[in-house]
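The structure is shown below.

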Amino acid sequence: MRLAKSGADHVRHLHTLGPRGTNLEAASHEWLRRRGVRGTVELHSSIETALDAVPDDGEHALVTCAVYPALHTLVFGNLHRLHMVDSFIMPTHNMVLATRGADVPATVASHPAPTGLVPAGTEIREVLSNSRAAIECAEGRVEGCITTIVAARNHGLRVVRDFGAVPMVFTVHQVLAVGVGDDQRLLPAGAAL
């Protein structure tokens with residue numbers, strides 16, 4: 001069995017939330033650029049499905065953001081294989097309310113994280129990413145969406161309101177194979193940390 005090397009210097013492949021146009025995709029490319037690494041970014045339908053697909057050889061990492069819903073559950077439920085090796089602040093793409101034409105949309109698709117940007121009294125339909133919200137709007141399943149300016153443009157949507165870029169904390173979690181007991185102590189059921 002080949003032992004994986006731990007630490008950010010060994011990461012070459014990033015896995016994160018898609019489809020194209022998400023803030024997490026941009027952050028993944030930015031992380032590689034800042035580190036001077038020639039690597040790959042693979043997009044997944046959710047962070048949870050990304051984790052299921054990531055090889056545990058130490059060359060792959062999961063990129064998330066601090067406001068990703070249930071990040072705490074993902075991290076603490078996978079302490080045996082997820083190791084945070086970096087975090088950084090980067091502005092998101094401008095976040096926007098976009099529509100296919102309506103000035104005041106009755107239904108808006110949004111990832112759970114930015115639902116606070118949805119106008120009061122509007123029906124929210126939660127989706128898995130900001131880019132998915134734009135697709136739902138462009139395909140007519142909702143009248144509007146909270147998305148990135150990039151995704152809105154990619155899908156020919158009209159921006160009704162531009163909230164601007166948001167300074168965001170992004171986290172990089174290296175995925176390593178660690179057997180139970182190899183790297184962690186086992187506590188009796190109900191014991192507190």
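Helices and strands are DSSP runs, a helix having at least four residues and a strand at least two, and both are numbered from the N terminus. The model is a predicted one.

**Glycine in a loop**

Between strand β1 (13-17) and helix α1 (23-35) runs a loop that contains Gly18. Gly18 has a relative accessibility of 3%, and it therefore counts as buried, the cut-off being under 20%. Apart from neighbours within four places in sequence, the residues in contact with Gly18 are Leu43, His44 and Ser129. Leu43 is 25 residues from Gly18 along the chain, yet 4.6 Å separates their C-alpha atoms.

**The sheet**

An open sheet of mixed pairing is built from five strands, ordered β7-β6-β8-β5-β9. From one strand to the next, the twist averages 25°.

| Strand | Residues |
|---|---|
| β6 | 107-110 |
| β8 | 144-148 |
| β5 | 95-99 |

In general, the strands of a sheet pair through backbone hydrogen bonds, in a parallel or antiparallel sense. For β6 and β7 the sense is parallel, with four bridges. Val108 has Ile124 of β7 as its bridge partner.

**Helix across the sheet**

Helix α4, residues 130-138, lies across β5, β6 and β8. The angle between α4 and β8 is about 145°.

Definitions and conventions:
Residues are numbered from 1 along each chain as its sequence is written. This is a predicted model: local features need pLDDT of at least 70, side-chain atom pairs count only at pLDDT 80 or more; totals for chains, interfaces and linings use all residues. Side-chain values use heavy atoms; hydrogens and water are left out. Two strands pair if DSSP finds at least two bridges between them. Axes are lines fitted to C-alpha atoms, for helices over the stretch in contact, and angles run from 0 to 180 degrees between N-to-C directions. Contact means heavy atoms within 4.5 Å. Buried means under 20% relative accessible area, exposed over 50%, partly exposed in between (1.4 Å probe, protein chains only).
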